[in-house]
Amino acid sequence: MSENGKLSKFWLWELTRPAFEDWLDNEPAPVVVLGIGSIEQHGPHLPLGMDSLGARYFIHEVASRTNSVAFHPVWPGYSPHHMGFRGTVTLSEDTLLNVLMDCIGSLADHGVKRFVLTNHHGGNSNIFSLAIQMAKRYHGVMVTAPRGPSDTELAKIQGERSRKYWDVHSGVNETSGALYMFKEFVEMWRIPEDWKPSLSIDPQLMEYFDTEREDYELVSQVRAASGQPDTDDFSADGIYGLNDPRDADPEEYRKRFEERIKFFEDFIKLWKTIPIPPAYKE
Ligand SMILES: [Zn+2]
C-alpha cells in the first residue's frame with residue numbers, strides 16, 4: 001500500500017503497480033534499499049540462507065523506517081569457495097553482476113534515482129563494489145553503500161573478535177545474529193558437545209592471528225596471502241574461527257543491529273535533503 005507517497009508495505013513485490021506509482025510520484029525523494037547475501041553452508045548449526053535472511057531482515061527494517069522500497073533481488077550470491085559443502089548454491093561472477101545491474105537498471109528506467117545498497121556476504125564484496133561503480137556510470141543514478149557506525153563500543157568489540165578469533169563465518173558474531181533474527185532456523189544442538197575449532201592451518205600462520213603482536217599488520221597480511229581458496233581446504237565442519245559459536249549473544253547483536261539500522265536511517269534522511277545533482281537528471 002501507498003497513499004500520498006506514504007508506504008505501509010515495503011517489499012517491492014508486495015506493492016500493486018498503482019501503489020508503487022503513488023510512492024514514486026509523491027515521495028519527495030524516493031529511495032530503494034537493495035541488499036544481497038548468499039545461499040551457502042554455514043556450519044552445522046546455521047541455515048544455508050543465513051546471509052540472505054540477514055540481508056532481508058536488515059533492508060526491510062531500514063525501508064520501513066525511511067519510507068523506502070525494500071528489494072532483495074536474488075537469494076544466492078557469489079560462493080564458489082563454499083561449494084565443497086553440500087547445499088551451497090553459487091552464482092557466477094557475471095551472473096551476480098548482471099543481476100545487480102539489471103535490477104538497478106529496471107528501477108532506474110522507472111525514475112528511481114537513489115539506491116542504498118547493503119551486502120551481507122564477504123564473497124560478494126568485489127562484485128558488489130563494481131556494480132555500484134557501474135550502475136552510477138551506465139544507469140545514471142545515485143548508488144551508495146553506507147557503512148557504519150564504526151567507532152562505537154560494540155563495533156570495536158565485534159571487530160576485535162573478528163580479527164582475533166577470525167570470527168567471520170558461522171562463529172559467535174553470525175550465530176548471535178541468527179539467534180536474534182531467526183532463531184527458528186538455528187540448530188545449536190548440532191554442534192557436538194566437545195566441539196573444538198576444526199581449522200587445519202599451518203602452525204606458524206596460526207600464530208599470526210594474535211592481534212597483540214607488534215608486527216600484527218605485517219603478519220596478518222602474510223597469513224591472508226597464504227590462505228587456501230576453499231572452505232573445505234581448511235575447515236572440516238564449515239565454521240571459520242577459533243571461538244565457540246555457543247558463546248553467541250543475541251542481545252549484543254540486537255544492540256549492534258539497532259546502531260547499524262539507525263546509521264542507515266540517519267544516512268537516508270540526510271541524503272534526501274540533498275537535491276539530485278544535474279548529472280543525474282533526465
Ligand atoms: Zn555468513
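Two remarks on conventions before I start. Residues are numbered from 1 along each chain, as its sequence is written. Because the model is predicted, local features need a pLDDT of at least 70 and side-chain atom pairs count only at pLDDT 80 or more, while totals for chains, interfaces and linings use all residues.

Let me begin with the domains. The protein is divided into domain 1, which takes in 2–150 + 257–280, and domain 2, which covers 153–255; these bounds come from an automatic or database domain assignment. The centres of the two domains, taken over C-alpha atoms, are separated by 26 Å. Where they meet, 21 residues of domain 1 are in contact with 28 residues of domain 2, contact meaning that the C-beta atoms of two residues, placed from the backbone, lie within 7 Å. On the domain 1 side of this meeting, α2 (50–66) and α10 (250–271) each supply at least two residues, and the largest share, four residues, comes from α2. Helices here are DSSP runs of H or I with at least four residues, strands are runs of E with at least two, and both are numbered from the N terminus. By class, that side of domain 1 has nine nonpolar, ten polar and two charged residues, where Ala, Val, Leu, Ile, Met, Phe, Trp, Tyr, Cys and Pro count as nonpolar, Asp, Glu, Lys and Arg as charged, and the others, Gly among them, as polar.

Now to the sheet. In what order do the four strands of the open sheet stand? The order is β4-β3-β5-β6, and the pairing is parallel; two strands are said to pair if DSSP finds at least two bridges between them. β4 and β6 stand at the edges with a single partner strand each, so one side of each has no neighbour in the sheet. Neighbouring strands are turned by 20° against each other on average, with direction ignored.

I would like to stay with β3 for a moment. Towards β4 the parallel pairing runs over three bridges, with Val-69 as the bridge partner of Val-32 and Phe-71 as that of Leu-34. Towards β5 the parallel pairing runs over six bridges, and there Val-31 stands opposite Arg-114.

A nonpolar core is a set of buried Ala, Val, Leu, Ile, Met, Phe, Trp, Tyr and Cys residues joined through C-beta atoms within 7 Å. The largest one has 37 residues, and those touching the most other members are Val-32, Val-33, Leu-34, Ile-59, Ile-104, Phe-115 and Val-141. Among the elements that give two or more residues to this core are β3, α2, β5 and α10, with the largest share, six residues, coming from α3. Leu-34, not counting residues up to four places away in sequence, touches Ile-59, Phe-71, Pro-73, Cys-103, Phe-115 and Leu-117. A second, separate core has twelve residues, including Leu-179, Val-186, Ala-248 and Tyr-253.

I will finish with some local features in the loops. The peptide bond from Gly-148 to Pro-149 is cis, with omega near -5°, and Pro-149 is placed in the loop between β6 and α5 (153–165). Asn-4 has a positive phi of about 50° although it is not a glycine, and Asn-4 is exposed, with 9 other C-beta atoms within 10 Å. Asn-67, in the loop between α2 and β4, has a positive phi of about 55°, but Asn-67 counts as buried, with 21 C-beta neighbours inside 10 Å. Lastly, Phe-209 lies in the loop between α7 (203–206) and α8 (216–225), and is in contact with Lys-164, Trp-166 and Leu-242, leaving aside neighbours within four places in sequence.

Conventions:
A residue is buried if 20 or more other C-beta atoms lie within 10 Å of its own, exposed if 12 or fewer, and partly exposed in between; C-beta atoms are placed from the backbone. Axes are lines fitted to C-alpha atoms, for helices over the stretch in contact, and angles run from 0 to 180 degrees between N-to-C directions.
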